[in-house]
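Me: Got the two chains loaded. Can you walk me through the packing?

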Amino acid sequence: MNLSNYLVLASLLFAIGTATVLLRRNAIIVFMGVELMLNAANLLLVTFARIHGDLQGQVMAFFVMVVAAAEVVVGLAIIVSIFRTRRSASVDDVNLLKS
Amino acid sequence: MTQLSVILSLPAALTSGGNISAGETALFWVLAPLMVFGALGLLFARKAVHAALGIVLVMISLAFLYTAQEAPFLGVVQVVVYTGAVMMLFLFVLMLVGVDNSDSLVETLKGQRWIGAILGVGTAAVLIGVIRTATLDQAKGLTSANADSNPVGVARVIFGQDIFAFEVVGVLLITAALGALVLTHRQRLVPRVGQKERADARIAAGGGLAPLAAPGVYARSNALDTPALDPEGRPIEESVPRVLRIRGQRRSATEVQAQIGGTAAVDPAQIEEGSQP
């Protein structure tokens, strides 16, 4: 089996993550879709590290994980504070800026 | 130490033709459908908890694939950071926000569902098309880069040429922690109501200081529905729980007395009639 199968799997996961962000309304599920996209990118990076025989790709995937952890903290804090004021976790209800 | 080195050297290297070994092929074909299944669970699950479980499945499978792909360090980090920390955080927030807070099925944007589905399928088609048509170099594998075990090799890159990025990421993490503190901080609009304030309010409203008396305990009746008797033999109405009083399930002391055939210091029937407002 060729290594490109990993790349196809990563693309598929990325596309499913994109569709989740576009289709779901629950802010937490949308956020999990973003996480899925980040994970798919990580799989791509690890596979390319192996193809090129260079550890730089793995290090980049490591940095993506750290940034994703920071992003999750801030994102979930935003979701919680919106839920406190609007009593809803649906992305449709965040329309305060709409005149 | 030897066990650790065995675990770290477990992932098989590439075969001479740049292909992966039979064991890894089998692992891939077992895990890949499971991962796609978990990801589709995220897309289609009605309940947010099921979606979260699907993502956990994907993330743990990814850890397996990383380990198989000569990246055991990233495999461990994947389990610790993603499934251990990130997904637990997600589940905490899910419980905080309300598990049954499900999606609304009202379309606010017309045709969003179809456009979103088309865009998702289109993304998949474009990405897979690019990968299928691209000519990749023959895979080199990481055998030489991982000569001193994978964590050592990764550490050389992180603490060598990428040390500045590493420090910036540390600053980013601290900023994110502070940002979460600021975002979830709630400003107090009304003064805090503590134990002292509650007690003061109760006294001001004319309540008693002591707790309510416990329900009556008699020789043959030890139940919530029978009032206790005060030192003079009067029944204490407040000792029966409020719910039983409202439902009319209270038994009077007279009934109990008749049942047990005892005598009270004062005739309860007399007092009870007198005490009723």
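**Core and helix packing**

Reply: This is a predicted model. Of the 71 residues in the largest nonpolar core, those touching the most other members are A:Leu9, A:Ile28, A:Met32, A:Leu43, B:Leu74, B:Met87 and B:Phe90.

Me: Which helices each supply at least two residues of this core?

Reply: In chain A they are H1 (4-23), H2 (27-52) and H3 (56-86); in chain B they are H2 (22-44), H3 (48-68), H4 (72-97) and H6 (150-158). H3(A) gives the most, 12 residues.

Me: What is A:Leu9 in contact with, leaving aside neighbours within four places in sequence?

Reply: A:Leu43 from its own chain, plus B:Phe28, B:Ala32, B:Met35, B:Val36 and B:Leu65.

Me: And A:Met32, buried or exposed?

Reply: A:Met32 counts as buried because its relative accessibility is 1%, under the 20% cut-off. A:Met32 sits in helix H2 of chain A. Not counting residues up to four places away in sequence, A:Met32 touches B:Leu42, B:Ala48, B:Ala51, B:Ala52, B:Ile55, B:Met87 and B:Phe90. Its C-alpha is 8.0 Å from that of A:Gly17, 15 residues apart along the chain.

Me: Switching to H5 of chain B. What does it reach, first C-alpha to last?

Reply: H5(B), residues 112-133, reaches 31 Å, close to the 32 Å expected for its 22 residues at 1.5 Å a residue. B:Gln112, B:Gly116, B:Gly120, B:Ala124 and B:Ile131 are buried in H5(B). They lie on the same side of H5(B), because they cover an arc of only 105 degrees around the axis.

Me: Which residues are exposed on the other side of H5(B)?

Reply: B:Trp114, B:Ile118, B:Val121, B:Val126, B:Arg132 and B:Thr133.

Me: What covers the buried ones?

Reply: The cover over the buried residues of H5(B) includes H1 of chain A.

How values were computed
Residues numbered from 1 in each chain as written. Chains lettered and ligands numbered in written order. Predicted model: local features only at pLDDT ≥ 70, side-chain atom pairs only at ≥ 80, totals over all residues. Heavy atoms only, no water. Core = buried A, V, L, I, M, F, W, Y, C linked by side-chain atoms within 4.5 Å. Buried < 20%, exposed > 50% of the residue type's maximum accessible area, 1.4 Å probe, protein only. Helix = DSSP H or I, 4+ residues; strand = E, 2+ residues; numbered from the N terminus. Contact = heavy atoms within 4.5 Å. Expected span 1.5 Å × (residues − 1). Arc of directions from axis to C-beta.
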